Amino acid sequence: MTLEATSPGANYGTTASGSSFYAAMRILPRDQREAMFQIYSFCRQVDDIADSDGPRDERLAALQQWRDDIDALYQGHPPARLQDYVASVKTFGLKREDFLAIVDGMEMDVPQDIRAPDMTTLDLYCDRVASAVGRLSVRVFGLPEEDGILLAHHLGRALQLTNILRDIDEDATLGRLYLPREALLHAGITSNDPNRVIAERALPKVCVPIAQRAKAHFEKSDEIMNRNKRRAVRAPRIMSKYYHAILDLLIARGFAAPRAPVRVSKVTRIAILLRYAFL
């Protein structure tokens, strides 16, 4: 998922601390910061349901309860766990359909593990679990409607494709494979068994074009951010630069097995913050 793993909870600042998300969001004014940590907490909690090892029917029921709670929030009867969201929804015009899209995206992993989805399904997945988060976020940041939607589209997909490339081996341990079927077949890989696919010598032929697609989305998102007010795009720019650094490390490392984990250095993280946090 786009959000980095943390424990869910009401203390949003604490639960997100230590993540790239927290570093980007802590620079925001208080009302924006609180709204973003609420969005983060929501995503984290539904993500944890989808990624748990509980029975699939129980996970589906838990995600449906989140849908019911979102509906109640927008009907003016917020449940206790969404009570604090009322002000943010009203202040920033957060859309019900974007919250529900996130739940739908998380649910795509639940009836059965995703394995080599076709390109259309993968793009839908990216839209739901990443770009829908972006559509909520750009309203909080205060971007104009059209550019905000475009930024959510491109940056969300850039981040999610980077995550997929970074987490190939980790996802395989969960029985999941997010690499698109068309790309696998083009490289001569006919299996959709995650553990078999990650050992294929032809895997770089699958991953390099996806990395280039992510780069193209980063470039489009940069174009959008460059034509908007710098203060409105500080947080998404920090996220973009952080994940672009991850993508560059992945490309430099290569995708042939064995794949050592990549990590953005502390020096690079600090440099990104110093450059973009105080525009």
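This section describes the overall architecture of the chain and the surroundings of selected residues. The model is predicted, so that local features require pLDDT of at least 70 and side-chain atom pairs count only at pLDDT 80 or more, whereas totals for chains, interfaces and linings use all residues. Residues are numbered from 1 along each chain as its sequence is written, and side-chain values use heavy atoms, with hydrogens and water left out.

The chain comprises 14 helices and 0 strands, where helices (H or I, at least four residues) and strands (E, at least two) are DSSP runs numbered from the N terminus. The radius of gyration is 18 Å, close to the 19 Å that the globule rule gives for 279 residues, so the chain is as compact as a globular protein of that length. This radius is taken over C-alpha atoms, and the globule rule is 2.2 Å times the number of residues to the power 0.38. The C-alpha trace spans about 50 × 45 × 30 Å along its principal axes.

Of the 279 residues, 53% count as buried; the term denotes under 20% relative accessible area, with exposed meaning over 50% and partly exposed lying in between (1.4 Å probe, protein chains only). Contacts (heavy atoms within 4.5 Å) with a separation of 6 or more are accounted for to 70% by residues 24 or more positions apart. The chain exposes about 13100 Å², of which carbon and sulfur atoms supply 51%; accessible areas come from the Shrake-Rupley method with a 1.4 Å probe, and for residues only the protein chains shown count as cover. There are 38 positive and 36 negative side chains, and the centres of the two sets lie 7 Å apart. Lys and Arg count as positive and Asp and Glu as negative, while His and the chain ends are not counted; each charge is placed at NZ of Lys, CZ of Arg, CG of Asp or CD of Glu.

Ile-39, located in helix α3 (residues 30-51), is buried with a relative accessible area of 1%. With residues up to four places away in sequence not counted, Ile-39 touches Tyr-85, Leu-94, Val-133, Leu-136, Ser-137 and Val-140. Ile-39 and Ser-137 are 98 residues apart in sequence, yet their C-alpha atoms are 7.9 Å apart. Ala-211 belongs to helix α12 (residues 203-226) and is buried, at a relative accessible area of 1%.

Beyond four places in sequence, the residues touched by Arg-157 include Asp-123, Cys-126, Ser-131 and His-217.

Backbone geometry is considered last. Most residues other than glycine have a negative phi, and most peptide bonds are trans. Ala-116, in the loop between α6 (96-107) and α7 (119-141), has a positive phi of about 50° although it is not a glycine, and is buried at 4% relative accessibility. The peptide bond from Ala-257 to Pro-258 is cis, with omega near -5°; Pro-258 lies in the loop between α13 (234-253) and α14 (266-276).
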